[in-house]
Amino acid sequence: MEALGDAGVGSPGALRSDNRRRILDALRRGGTASQAEIARRTGLSRATVSNIVRDLRAVDWITVNGTDGGRRGSEVSLNRQAGLVVGVDFGHRHVRVAVADVGHTIHAETCRELPADHGADHDLPLIGEIVDALLGSINADKSTVVGVGMGLPAPVDPDTGEIRAPAILPGWVGVLAAAATAERLGLPVLVDNDANLGALGELTWGAGVGSRHVIYVKASTGIGAGLILDGQLYRGFGGTAGEIGHITVDDRGALCQCGDRGCLETVAGSEALLALLRSSHGSDLTLGNVIARATDGDGGCRRILADAGRAMGVAVANLCNILAPDRIVLGGALAAAGPIVLGPLRDVVRRHAIHTIAEHAQIVAGALGERAEVLGAIALVLREADRLGAPLRGPPVPVH
């Protein structure tokens with residue numbers, strides 16, 4: 001596979017090289033597309049796209065699938081043999097790992113349960129074991145891996161990769177997660193907050209496809225939001241944007257782990273919901289049980305979930321008034337409750353958000369379920385490979 005040629009700045013060769021990279025970036029971020037869609041994504045003319053697609057195909061950077069001989073109606077994608085990407089998603093009690101090629105095809109995936117008190121000392125060796133096993137299952141090795149994306153349920157400093165807040169995984173606090181994982185795996189690593197990755201996953205593969213302004217709400221043990229503004233992930237100072245779980249919804253409410261009272265998580269987080277029901281429904285109750293019982297008509301479970309939807313609606317309405325999204329995607333464990341949660345959430349947003357925003361924004365359940373974050377970890381590498389210090393390129397990789 002040939003490297004992209006460069007020429008002097010401002011020369012026709014430099015312009016062509018820049019246009020090539022724009023097309024490759026569009027395919028890397030959005031996956032397979034027609035030439036007309038590539039023109040829309042890049043702002044290039046269709047004639048320019050057609051010429052560059054022909055050149056990239058000739059040097060095996062892309063593949064063209066269709067019946068029209070490679071003309072504009074065919075589907076264009078990155079060459080699957082240009083490299084592999086690994087995605088890792090850590091939750092409160094699980095780790096999910098997936099391996100994909102740069103053409104957005106998943107080749108191997110697994111999920112492991114974890115002890116409640118797991119931390120970096122336990123997790124880093126486990127990641128190494130799982131990555132080696134998955135690569136071995138498709139007859140690949142680490143030399144074929146472009147990079148690793150990893151999600152953790154905590155604010156992640158985008159510059160240092162440090163986990164600063166106790167959040168759900170205190171065993172990772174103070175760890176330079178990207179550097180520690182890169183050292184363990186011997187691979188370049190990008191780390192981000194799990195809600196941010198859920199947003200990227202839904203934007204790339206799921207319910208956010210086609211939108212440019214997306215709020216992804218992950219509602220599970222904690223509650224956080226991933227913010228996509230004009231097609232780009234917004235992290236804010238120190239990676240702390242989107243911490244909607246700490247929006248105050250009751251200033252006389254329960255004490256939150258952050259030290260404040262009445263945060264959204266104390267009202268709609270899974271532990272808060274279970275605490276309200278355990279005296280009447282049993283101490284071994286899980287959120288999955290609550291959702292199943294609510295679906296079967298249990299009045300108490302339905303009320304608790306609806307109240308959670310209303311509380312989240314208050315926070316989402318405030319975000320809508322500030323950010324004016326065109327789509328709000330509910331993910332995380334609570335999304336499995338479907339209309340029991342979404343109905344009250346929508347009602348509150350319509351009542352409290354600015355009318356034009358409330359009428360325009362779609363509020364939907366995520367399409368990727370529990371895989372949103374691990375797919376988002378893969379999307380992170382595909383979209384931001386420049387942060388790894390190397391572009392997405394390399395020798396052909398056989399994938400079996």
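Two strands are taken to pair if DSSP finds at least two bridges between them. Helices (H or I, at least four residues) and strands (E, at least two) are DSSP runs, numbered from the N terminus. The structure is a predicted model, in which local features need pLDDT of at least 70 and side-chain atom pairs count only at pLDDT 80 or more, while totals for chains, interfaces and linings use all residues. Residues are numbered from 1 along each chain as its sequence is written, and side-chain values use heavy atoms, with hydrogens and water left out.

Strands of a sheet pair through backbone hydrogen bonds, either parallel or antiparallel. Both senses occur here, and the parallel case is described at strand β12. Strand β12 (residues 327-331) pairs with strand β9 (residues 214-219) in the parallel sense over five bridges, and within this pair Ile 215 stands opposite Ile 328 of β12. Strand β12 also runs parallel to strand β13 (residues 362-365), to which four bridges join it; Arg 327 has Gln 362 of β13 as its bridge partner. Burial was assigned from relative accessible area (buried under 20%, exposed over 50%, partly exposed in between; 1.4 Å probe, protein chains only). Five of the five residues of β12 are buried, so the strand is largely enclosed by the rest of the structure. Both of its faces are covered, with Arg 327, Val 329 and Gly 331 buried on one side and Ile 328 and Leu 330 buried on the other.

Antiparallel pairing is found at strand β5 (residues 94-101). Strand β4 (residues 84-90) pairs with β5 in this sense over seven bridges, and a hairpin joins the two strands through three residues. On its pairing with β6 (residues 106-113), β5 is again antiparallel, over seven bridges. Val 99 of β5 takes part in both pairings: Val 86 has Val 99 as its bridge partner, and Val 99 stands opposite Ala 108 in β6. The hairpin of β5 and β6 has four residues between the strands, and His 104 in this hairpin takes a positive phi near 80°. Seven of the eight residues of β5 are buried, so β5 is largely enclosed by the rest of the structure.

An open sheet of three strands has the order β1-β3-β2, with antiparallel pairing. Its edge strands are β1 (33-34) and β2 (62-65), each of which pairs on one side only. Strand β2 and strand β3 (residues 75-78) are joined in the antiparallel sense by four bridges. In this pair Val 64 has Val 76 of β3 as its bridge partner, and Thr 63 stands opposite Ser 77.

Glu 384 lies in the segment after α13 (372-383) and is buried, with a relative accessible area of 13%. Residues up to four places away in sequence not being counted, Glu 384 touches Arg 28, Leu 190 and Arg 235, where contact means heavy atoms within 4.5 Å. The side chains of Glu 384 and Arg 235 are joined by a polar contact of 3.1 Å. A polar contact is a pair of N or O atoms within 3.5 Å; within protein, one must be able to donate a hydrogen and the other to accept it, and residues adjacent in sequence count only if both atoms are side-chain atoms. The C-alpha atoms of Glu 384 and Gly 198 are separated by 15 Å, the two residues being 186 residues apart along the chain. Val 314, found in helix α10 (residues 299-323), is partly exposed, with a relative accessible area of 35%. The C-alpha atom of Val 314 is separated by 9.9 Å from that of Arg 346, 32 residues apart along the chain.
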